Amino acid sequence: MSVEAMYQEIILEHYREKHHSGLREPFGAQVHHVNPSCGDEVTLRVLLEGDQVTDVSYDGVGCSISQASTSVMTDLVIGRSVDEALALHEEFTALMHSRGETEPDEDTLEDAVAFAGVAKFPARVKCALLGWSAFKDAVAQSAAGIRLEESNDE
Amino acid sequence: MPEAGYDLAALRADFPILERRVGDHPLAYLDSANTSQKPRQVVEAIAAHYLEHNANVARAMHVLGAEATESFEAARAAVAGFIGADRPEEIVFTKNASEALNLAAHSLGARLGPGDEIVVSVMEHHSNIVPWQLLAQRTGATLRWFDITAEGRLDLERAAAENLINERTAIVSLTWVSNVLGTVNPVARIAAQAHAVGATVVVDASQGVPQLPTRVADLGADLIAFTGHKMLGPTGIGVLWGRYDLLATLPPFLGGGEMIEVVTMQGSTYAPPPHRFEAGTPPIAQAVGLGAAVGYLRGVGMDAIAAHEHELTGYLLGRLAEIEGLRVLGPTEAVDRGGAVAFTLATRDGLDIHPHDVMQLLDSRGVAVRGGHHCARPLHDRLGIQSSTRASVYLYTAPAEIDALAEGLGYVRTFFEGHSFEGHR
């Protein structure tokens, strides 16, 4: 596969105009994830209400793959239940680690299927996963915070 | 187009890897500031050591042990000669330049306390920042910084105005040649200033020794760190040069085999330099390889190598200046400048093309460069950018490789512009 094919139109569109970009209030947890080898960074916030992902906002610097992947991720997870969002995280992570051997499911991953080609460039897989990993971490921290509040109320 | 003062084609034939193809493209290796390629002579010296002379050094008393020890110490002498050291005992072998700088920080640090100041610069590689941050945390000493000018040179005026080097200064540690900006710093001048206030001077020469004829006396430093793999040698070996009388006063860094004089249950005494600083089995084959690398560089001649590098850097800067939307970090003329050139690239409508994307598309055309912060994040922060793309040349670099880079960068820009304009429709 050529590198040009990796740079799908969808990826470049999201890089140019990131969806849900910028840090917003209110939020349940904020995390900062870094890719130390290249310096890509994202600060990401999630807001959970009940079992729903109500908002994901972020501020990041990095390559087109990392920025577009984060943008696509927010489109996918906002408005979903936490379980559905984490299932998407798992599906996308598996796709990225498939070395291009898995056929992505467009019904569930939607625009994120555009990143299937990235799996053939191992050095870039971590770029595609930066925002997703931050999201999973933020959800875990937010859920833990909610549980803490609940136990404090008792 | 520049011409080398030596037979470039014949020299390139010593580096088989340069004949490689990447997909349909010939390799254009422009990442030598990251690591250099190795000539056949170095690889063969390492192979001959393992296949014919392998044994541990100093401890093994048999014939092979004597041969290995002789080669290891001959490599030390070769490196000493290469940089104009007074004696081979001034050469300490480490595993890389980072370890050499950590050794310097650790051993010099035994004398530091609160109130003392350590001076570095904002253009340092992380390996010449983090060891001093750790030392400052450990001792309570204060870390202070040289800033840079808009052109990417040390801001000496500001340093003077801030009284940066003063009677509290204990250590000044600076890079000779920046791995991002390419700037060649006036280390001798700063060393004289530092010595005048009684400070010890450390120089990170990782990008300098491979490119420039080196006489330690001319640099004026007390300790100098560099690494083998950037000067045609193997990975796994670095060098700390130190003035012998200074090394003799410094405490050990790592404890272990061969760095001792007498070990008892009550305590130990230590070997004289350089063995005091070489605990455990050293990088023997790597030293042999580095010795061969030094021999190769001397054969070509460091003056000729520096001249080729200077010519090519000028050519590279000229080709990059033709590319719209490209901004070179650091000096844009090949004056007091090494062969590493970092830059940013943007499309016509102002979209920054991220260095990873630049690098990836260049790689698909066989052009190997580095994209990222090049282990110099404070410098990138200072320049207000997150990362950059860096091309670097060495003695084997051909002008055609720079042409491939320039054409590739034009292609990268068109690629992102094509997509971005479509994206706008």
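Let's start on the surface of chain A. Seven names to find here: Glu13(A), Glu17(A), Asp75(A), Asp105(A), Glu106(A), Asp107(A) and Asp111(A) gather in a patch of negative charge. Keep in mind that this is a predicted model.

Glu13(A) sits in helix 2 of chain A, residues 9-16. Is Glu13(A) buried, exposed or partly exposed? Its relative accessibility is 40%, so Glu13(A) counts as partly exposed.

Now to the aromatic rings. Searching the whole structure, over all chains, gives 10 aromatic pairs. I'll show two.

Here is one of them. Tyr7(A) and Phe415(B) have ring centres 5.9 Å apart, with planes at 70 degrees. That angle is over 60, so the pair is edge-to-face. This pair crosses between chains. On one side, Tyr7(A) is in the loop between helix 1 (3-6) and helix 2 of chain A. On the other, Phe415(B) is in helix 14 of chain B, residues 399-424. Buried means under 20% relative accessible area. Tyr7(A) has 1%, so Tyr7(A) is buried. Phe415(B) has 12%, so Phe415(B) is buried too.

Next, a pair in chain B. The ring centres of Phe15(B) and Tyr296(B) are 5.8 Å apart and the planes stand at 90 degrees, so this pair is edge-to-face. Phe15(B) lies in the loop between helix 1 (8-12) and strand 1 (21-22), while Tyr296(B) lies in helix 10 (residues 284-300), so the pair ties together parts 281 residues apart in sequence. Both Phe15(B) and Tyr296(B) are buried.

Last point, back to Tyr7(A).

Definitions and conventions
Residues are numbered from 1 along each chain as its sequence is written. Chains are lettered from A and ligands numbered from 1 in the order in which they are written. This is a predicted model: local features need pLDDT of at least 70, side-chain atom pairs count only at pLDDT 80 or more; totals for chains, interfaces and linings use all residues. Side-chain values use heavy atoms; hydrogens and water are left out. Patches are made of residues with over 30% relative accessible area and no salt bridge: like charges are joined within 9 Å, nonpolar side chains (Val, Leu, Ile, Met, Phe, Trp, Tyr) within 5 Å. Accessible areas come from the Shrake-Rupley method with a 1.4 Å probe; for residues, only the protein chains shown count as cover. A salt bridge is a side-chain nitrogen of Lys or Arg within 4 Å of a carboxyl oxygen of Asp or Glu. Lys and Arg count as positive and Asp and Glu as negative; His and the chain ends are not counted. The place of a charge is taken as NZ of Lys, CZ of Arg, CG of Asp or CD of Glu. Helices (H or I, at least four residues) and strands (E, at least two) are DSSP runs, numbered from the N terminus. Buried means under 20% relative accessible area, exposed over 50%, partly exposed in between (1.4 Å probe, protein chains only). Rings of Phe, Tyr and Trp (its six-membered ring) pair if their centres lie within 6.5 Å; planes under 30 degrees apart count as stacked, over 60 as edge-to-face and the rest as tilted.
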